[in-house]
Amino acid sequence: MVLGASIAGLLAARVLSEAYAQVIVVDHDHLPGTAAPRRCVPQARHTHVLIERGQQVLEELFPGFTDDLAARGVPTLDNLRDVRWCLSGHRFPQPESGMTVVSASRSYLEGCVRARVSELPGVTLVDCCDAAGLTMTPDRRRVTGVRVLRRADGSAEEVLDADLVVDATGRGSRAPTWLAELGFESPEEEKLQVGLGYTTQIYRAPAPGLGNDLGVVIGPTPDAPRGGALQLLEGNRFLVTLMGMLGDYPPTDPDGFLDFARTLPIPDLCDVIRDAEPLERARSFRFPASVRRRYERLSRFPAGFLVTGDALCSFNPIYAQGMTVAALEAITLRRHLQRATEPHPRTFFRDVAKMIDVPWDMSVGADLAFPDVIGARSPKMRIANAYIPRLHAAAAHDPVLATTFIRVAALVDRPERLMSPGTVLRVLRQILPRPR
């Protein structure tokens, strides 16, 4: 039983179908047959990119997935050659990186994954159904199912029995409350307040003035906590998302939206917006804090129950890590299923925690570069936050450094690659004054 038909829930169902005869995915929303935004996924209307490592995992789970999307008209692009990157105020060169990005809208991507999963033998999707709590054995050692309420006239609460329950209900997961009600401790939470705000407008393609490029990314900086992104979409459309940290939210009215874009370090988005044709009204989204629930630190946890996706760890979305981390969690679950007839919760949470550590440290470290973000800054983090802007400055003149950084940001290479002797030497060659 998988609670939540999010990307995380669908990918969990995909790997569970290899080990279980029947997999039921239950979701609160109505699951549309087309690529329509869902009420429970408010960020779906804004920029979403499946970065290289996530694209690799989806290709592993669904062979031919990338080619299938491309055949349907979804833009696929090289993450550096086809994208104008501006980080720490420095515009990167655009060499070919060999990293493929699938540039579909979140709703379209989720719809394609949902269609693939629904075709799997033994998998059933149940929508308009609320999970009300867990059922357990009398000794409170094992979860045996879920109490659910179907949202239809005259429906009564019923119990769906399961050998394994996976919670993929997102940031609003009630698993901590359910565990407390059953006599278990709730997991410790790590929370970092970032006060992020998005405003997104969708336009008719092509994007004016973009030429052969297919995307733009302008990162916020501690001195200028505003950024933006342009993403080409399926259906002859593109979107522009403007973002602000620490409560500096972009407005939704056309004039305010354009004025906000004018304040960014490079004029590319402003130039596009000025002459583009909007297709619908601008929409906003608020992301107050990154949250990580430390299930791996609990001393007691019932068998037959796992947590994944944003219910486990929710990242600041400007770093585009969420869907890829969910995919990596599914691969971790697959390894556990291949080793044993049933994954052991504590072992699973420990292994997932090791995987999450890397993207979590990357995003939290980047957020703590903003002085007004409250949190502990280790000496290692302070060194990294002093070094990364210098790397960005050097990368503006060195295609190898630009590629190295983007490979780490795409979770293809580990962050240690940025501090390797060869990388540091290239940075020093660019930023140190040269003798006459």
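Residues are numbered from 1 along each chain as its sequence is written. In this predicted model, local features need pLDDT of at least 70, side-chain atom pairs count only at pLDDT 80 or more, and totals for chains, interfaces and linings use all residues, while side-chain values use heavy atoms, without hydrogens and water.

**Exercise 1.** Find how many disulfides the whole structure holds.

Solution. Start with the criterion: a disulfide is a pair of cysteine sulfur atoms within 2.5 Å. Take Cys 128 as a case: its nearest cysteine sulfur belongs to Cys 129 and lies 8.8 Å away.

**Exercise 2.** Decide whether Cys 128 and Cys 313 are buried, exposed or partly exposed.

Solution. Set the classes: buried is under 20% relative accessible area, exposed over 50%, partly exposed in between (1.4 Å probe, protein chains only). Cys 128 has 23%, so partly exposed is its class. Cys 313 has 2%, so Cys 313 is buried.

**Exercise 3.** Describe the lining of the second largest cavity.

Solution. A cavity is a set of points, on a 1 Å grid over the protein atoms alone, where a 1.4 Å probe fits but cannot get out; lining residues have an atom within 4 Å of a point. List the lining: Arg 292, Arg 293, Glu 296, Leu 312, Phe 349, Val 352, Ala 353 and Ile 356. Sort these residues by class: 5 are nonpolar (Ala, Val, Leu, Ile, Met, Phe, Trp, Tyr, Cys and Pro count). Another 3 are charged (Asp, Glu, Lys and Arg), and none is polar (the others, Gly among them).

Definitions and conventions. On a 1 Å grid over the protein atoms alone, a cavity is a set of points where a 1.4 Å probe fits but cannot get out, and a pocket is an open set with protein on both sides within 12 Å along at least five of seven lines; lining residues have an atom within 4 Å of a point.
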